[in-house]
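This report describes a helix and a residue in the structure shown below. Please keep the model in view while reading.

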Amino acid sequence: MLVSTRGRYALRVLIDLAQQPNDTWTPLKEIASRQDISQKYIEAIMTLLSKHGLVDAVHGKGGGYKLNRDIKDYKVGEVLNLTEGSLSPVACLMAGAEPCPKAPNCKTLPMWTKLNSLVNDYLNSVSLADLI
């Protein structure tokens, strides 16, 4: 499993927002500057996070982004599954994958299944609060 920059940056952005006062909107430009990430790249990440309900957004003057739930309710697994599409170690374990005809005789499937479970269970146990 290799987490892309999109996944890593999404976590950095959410941590940045978590460190801002709850009642304020944080402009994209400020986040980009603090995190040293291009504004265009963060814009794509924020659109994804906003579309899936992880952040609230207000456009225009005085607008920006803010978290819409408690930081303990943001799980790393949720963020990475959203940004990465899947954290499965093998294609046959990805959500919506076609059943593998070799699965009944696959000697490695139990290992991959256990690894998948360990990774997802761990990432779903870590919250933004834990990271901060």
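## Terms and basis

Contact, the term behind packing here, means that heavy atoms lie within 4.5 Å. Helices (H or I, at least four residues) and strands (E, at least two) are DSSP runs, numbered from the N terminus.

This is a predicted model, in which local features need pLDDT of at least 70 and side-chain atom pairs count only at pLDDT 80 or more, while totals for chains, interfaces and linings use all residues. Residues are numbered from 1 along each chain as its sequence is written, and side-chain values use heavy atoms, with hydrogens and water left out.

## Helix α3

Helix α3 covers residues 39-51, 13 residues in total. From its first C-alpha to its last it reaches 18 Å, close to the expected 18 Å, a span given by 1.5 Å times one less than the number of residues.

Its buried residues (under 20% relative accessible area, with exposed over 50% and partly exposed in between; 1.4 Å probe, protein chains only) are Ile42, Ile45, Met46, Leu48 and Leu49. Seen down the axis of α3, they fall within an arc of 160°, so they line one face of the helix; the arc is that of the directions from the helix axis to the C-beta atoms. The face turned away from this buried side carries the exposed residues Lys40 and Lys51.

## Surroundings of α3

The buried residues of α3 pack against α1 (5-18), α2 (28-35), β1 (55-58), β2 (64-67) and α4. Just after α3, Gly53 takes a positive phi of about 80°.

## Val76 in α4

Val76 is found in helix α4 (residues 76-84) and is buried, with a relative accessible area of 5%. Leaving aside neighbours within four places in sequence, Val76 is in contact with Leu11, Leu123, Val126 and Leu131.
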